Amino acid sequence: MKKVISFVLAAVLALSMVACGGGEDAKSYDVAAVAKTIEDANPIRMSTPIAQDYIDFIQLGEDLYDSYAGSYCPITPGVDVILVVDAKDGKAEDVKAVLEARKAEIVAANENYVGSLLEKAKAGRVVVKGDVVVLVIAGDEMVVEDQGVEKAYEPVDAAIEEAFK
(Lines give C-alpha, C1' and ligand atoms only; values in the text may rest on other atoms or scores of the structure.)
Protein backbone atom coordinates (compact mmCIF):
# COMPACT_ATOMS: atom_id res chain seq x y z
CA MET A 1 0.00 0.00 0.00
CA LYS A 2 2.84 2.39 0.83
CA LYS A 3 4.32 1.78 -2.60
CA VAL A 4 1.02 2.64 -4.30
CA ILE A 5 0.65 5.85 -2.30
CA SER A 6 4.28 6.78 -3.05
CA PHE A 7 3.73 6.13 -6.74
CA VAL A 8 0.53 8.21 -6.82
CA LEU A 9 2.21 11.10 -5.00
CA ALA A 10 5.19 10.96 -7.37
CA ALA A 11 2.85 10.98 -10.37
CA VAL A 12 0.89 13.95 -9.01
CA LEU A 13 4.14 15.82 -8.34
CA ALA A 14 5.43 15.10 -11.85
CA LEU A 15 2.16 16.22 -13.44
CA SER A 16 2.09 19.43 -11.40
CA MET A 17 5.62 20.27 -12.52
CA VAL A 18 4.71 19.70 -16.16
CA ALA A 19 1.52 21.74 -15.82
CA CYS A 20 3.38 24.71 -14.34
CA GLY A 21 6.06 24.77 -17.01
CA GLY A 22 5.87 25.52 -20.69
CA GLY A 23 4.56 29.07 -20.47
CA GLU A 24 6.13 31.72 -22.69
CA ASP A 25 8.27 33.07 -19.85
CA ALA A 26 9.47 29.53 -19.09
CA LYS A 27 10.94 29.17 -22.56
CA SER A 28 14.71 29.03 -22.56
CA TYR A 29 16.80 30.98 -25.03
CA ASP A 30 20.35 30.50 -26.26
CA VAL A 31 22.03 33.79 -25.33
CA ALA A 32 24.58 33.47 -28.14
CA ALA A 33 21.81 32.96 -30.72
CA VAL A 34 19.84 35.92 -29.35
CA ALA A 35 22.95 38.14 -29.47
CA LYS A 36 23.79 36.99 -33.02
CA THR A 37 20.26 37.71 -34.28
CA ILE A 38 20.40 41.23 -32.88
CA GLU A 39 23.93 41.94 -34.11
CA ASP A 40 23.26 40.52 -37.58
CA ALA A 41 20.52 43.14 -37.98
CA ASN A 42 22.55 45.89 -36.24
CA PRO A 43 26.28 45.35 -36.79
CA ILE A 44 28.60 46.99 -34.29
CA ARG A 45 31.53 48.86 -35.73
CA MET A 46 34.89 47.44 -34.58
CA SER A 47 33.00 44.80 -32.62
CA THR A 48 34.71 43.05 -29.71
CA PRO A 49 33.12 40.04 -27.99
CA ILE A 50 32.02 40.66 -24.44
CA ALA A 51 34.35 38.81 -22.09
CA GLN A 52 34.53 38.35 -18.33
CA ASP A 53 36.47 41.61 -17.85
CA TYR A 54 33.51 43.57 -19.29
CA ILE A 55 31.10 41.70 -17.02
CA ASP A 56 33.33 42.47 -14.03
CA PHE A 57 33.61 46.12 -15.11
CA ILE A 58 29.83 46.59 -15.11
CA GLN A 59 29.67 44.75 -11.77
CA LEU A 60 27.39 41.96 -12.89
CA GLY A 61 27.96 39.50 -10.04
CA GLU A 62 28.36 35.81 -10.76
CA ASP A 63 25.47 35.17 -8.37
CA LEU A 64 23.14 36.89 -10.86
CA TYR A 65 23.72 35.02 -14.13
CA ASP A 66 24.28 31.63 -15.70
CA SER A 67 25.68 32.81 -19.03
CA TYR A 68 26.06 35.83 -21.29
CA ALA A 69 26.95 36.72 -24.87
CA GLY A 70 27.30 39.80 -27.00
CA SER A 71 29.70 42.40 -28.28
CA TYR A 72 30.54 46.06 -27.92
CA CYS A 73 32.53 48.86 -29.50
CA PRO A 74 35.67 49.38 -27.37
CA ILE A 75 36.76 52.69 -28.91
CA THR A 76 35.95 56.12 -27.51
CA PRO A 77 33.56 57.55 -28.37
CA GLY A 78 31.71 54.31 -28.86
CA VAL A 79 28.32 53.62 -27.38
CA ASP A 80 27.28 50.44 -29.17
CA VAL A 81 26.72 47.36 -27.06
CA ILE A 82 24.66 44.20 -27.37
CA LEU A 83 24.66 42.17 -24.17
CA VAL A 84 22.37 39.20 -23.58
CA VAL A 85 22.35 37.71 -20.08
CA ASP A 86 20.69 34.50 -18.92
CA ALA A 87 19.84 35.42 -15.33
CA LYS A 88 19.71 32.86 -12.58
CA ASP A 89 16.18 31.94 -11.49
CA GLY A 90 14.54 34.93 -9.83
CA LYS A 91 17.42 37.30 -10.65
CA ALA A 92 16.20 38.88 -13.91
CA GLU A 93 15.18 42.14 -12.22
CA ASP A 94 18.58 42.38 -10.50
CA VAL A 95 20.32 41.87 -13.85
CA LYS A 96 18.02 44.45 -15.41
CA ALA A 97 19.08 46.98 -12.75
CA VAL A 98 22.77 46.36 -13.54
CA LEU A 99 22.17 46.77 -17.29
CA GLU A 100 20.09 49.92 -16.75
CA ALA A 101 22.98 51.31 -14.69
CA ARG A 102 25.41 50.47 -17.50
CA LYS A 103 23.17 52.27 -20.00
CA ALA A 104 23.10 55.32 -17.71
CA GLU A 105 26.92 55.24 -17.47
CA ILE A 106 27.22 55.17 -21.25
CA VAL A 107 24.82 58.10 -21.56
CA ALA A 108 26.74 60.09 -18.93
CA ALA A 109 30.08 59.33 -20.58
CA ASN A 110 28.76 60.74 -23.86
CA GLU A 111 27.06 63.91 -22.62
CA ASN A 112 29.82 65.95 -24.33
CA TYR A 113 29.17 64.26 -27.68
CA VAL A 114 26.05 65.89 -29.00
CA GLY A 115 24.22 64.32 -31.86
CA SER A 116 23.84 60.73 -32.91
CA LEU A 117 26.00 59.02 -30.28
CA LEU A 118 24.26 60.61 -27.34
CA GLU A 119 20.79 60.17 -28.83
CA LYS A 120 21.51 56.53 -29.65
CA ALA A 121 22.74 55.89 -26.09
CA LYS A 122 19.70 57.55 -24.53
CA ALA A 123 17.36 55.46 -26.68
CA GLY A 124 19.06 52.17 -25.76
CA ARG A 125 16.86 49.24 -24.89
CA VAL A 126 16.84 47.02 -21.81
CA VAL A 127 14.44 44.15 -22.39
CA VAL A 128 13.48 41.27 -20.10
CA LYS A 129 12.05 38.04 -21.50
CA GLY A 130 11.68 35.38 -18.84
CA ASP A 131 15.14 34.96 -17.33
CA VAL A 132 16.91 36.61 -20.26
CA VAL A 133 17.84 40.29 -20.06
CA VAL A 134 19.11 42.23 -23.06
CA LEU A 135 20.91 45.57 -23.28
CA VAL A 136 21.07 47.01 -26.78
CA ILE A 137 22.55 50.34 -27.76
CA ALA A 138 22.92 50.14 -31.51
CA GLY A 139 21.56 51.47 -34.74
CA ASP A 140 22.79 53.30 -37.79
CA GLU A 141 24.19 56.71 -36.78
CA MET A 142 23.40 58.21 -40.19
CA VAL A 143 19.76 57.20 -39.78
CA VAL A 144 19.79 58.81 -36.31
CA GLU A 145 21.08 62.05 -37.82
CA ASP A 146 18.86 62.03 -40.92
CA GLN A 147 15.60 60.42 -39.76
CA GLY A 148 15.71 60.39 -35.98
CA VAL A 149 16.63 57.92 -33.28
CA GLU A 150 13.30 56.06 -33.27
CA LYS A 151 13.67 55.27 -36.97
CA ALA A 152 17.19 53.99 -36.30
CA TYR A 153 15.87 51.70 -33.56
CA GLU A 154 13.21 50.07 -35.76
CA PRO A 155 15.64 47.34 -36.94
CA VAL A 156 16.90 46.94 -33.35
CA ASP A 157 13.39 46.39 -32.02
CA ALA A 158 12.53 44.02 -34.89
CA ALA A 159 15.69 41.98 -34.23
CA ILE A 160 14.93 41.74 -30.51
CA GLU A 161 11.43 40.53 -31.32
CA GLU A 162 12.78 38.01 -33.86
CA ALA A 163 15.37 36.71 -31.39
CA PHE A 164 12.66 35.84 -28.88
CA LYS A 165 10.38 33.89 -31.24
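Leaving aside neighbours within four places in sequence, Asn42 is in contact with Ile82, Ala138, Pro155, Val156 and Ala159. In this predicted model, Asn42 sits in the loop that runs between helix 2 (31-41) and strand 1 (48-49). With a relative accessible area of 5%, Asn42 counts as buried, because that value falls under the 20% cut-off.

Together with Pro43, Gly139, Asp140 and Glu141, Asn42 is among the residues that lie nearest the centre of the second largest pocket, which has 17 lining residues. The volume of this pocket is about 170 Å³. Its lining comprises 8 nonpolar, 3 polar and 6 charged residues. At least two lining residues come from each of helix 6 (141-147) and helix 7 (149-163), and helix 7 gives the most, with 3 residues.

The chain holds 7 helices and 5 strands, arranged along the sequence in the pattern α-α-β-α-β-β-α-α-β-β-α-α. Of the contacts between residues at least 6 apart in sequence, 66% join residues at least 24 apart. Buried residues account for 39% of the 165 residues in the chain, and Asn42 is one of the buried residues. The accessible surface of the chain amounts to about 9,300 Å², with 57% of it belonging to carbon and sulfur atoms.

Conventions
Residues numbered from 1 in each chain as written. Predicted model: local features only at pLDDT ≥ 70, side-chain atom pairs only at ≥ 80, totals over all residues. Heavy atoms only, no water. Helix = DSSP H or I, 4+ residues; strand = E, 2+ residues; numbered from the N terminus. Buried < 20%, exposed > 50% of the residue type's maximum accessible area, 1.4 Å probe, protein only. Contact = heavy atoms within 4.5 Å. Areas by Shrake-Rupley, 256 points an atom, 1.4 Å probe, with all protein chains shown as cover. 1 Å grid on protein atoms, 1.4 Å probe; cavity = no way out; pocket = protein on both sides within 12 Å on 5 of 7 lines; lining within 4 Å. Points joined across faces, edges and corners; volume = space filled by probe spheres on them. Nonpolar A, V, L, I, M, F, W, Y, C, P; charged D, E, K, R; others polar.
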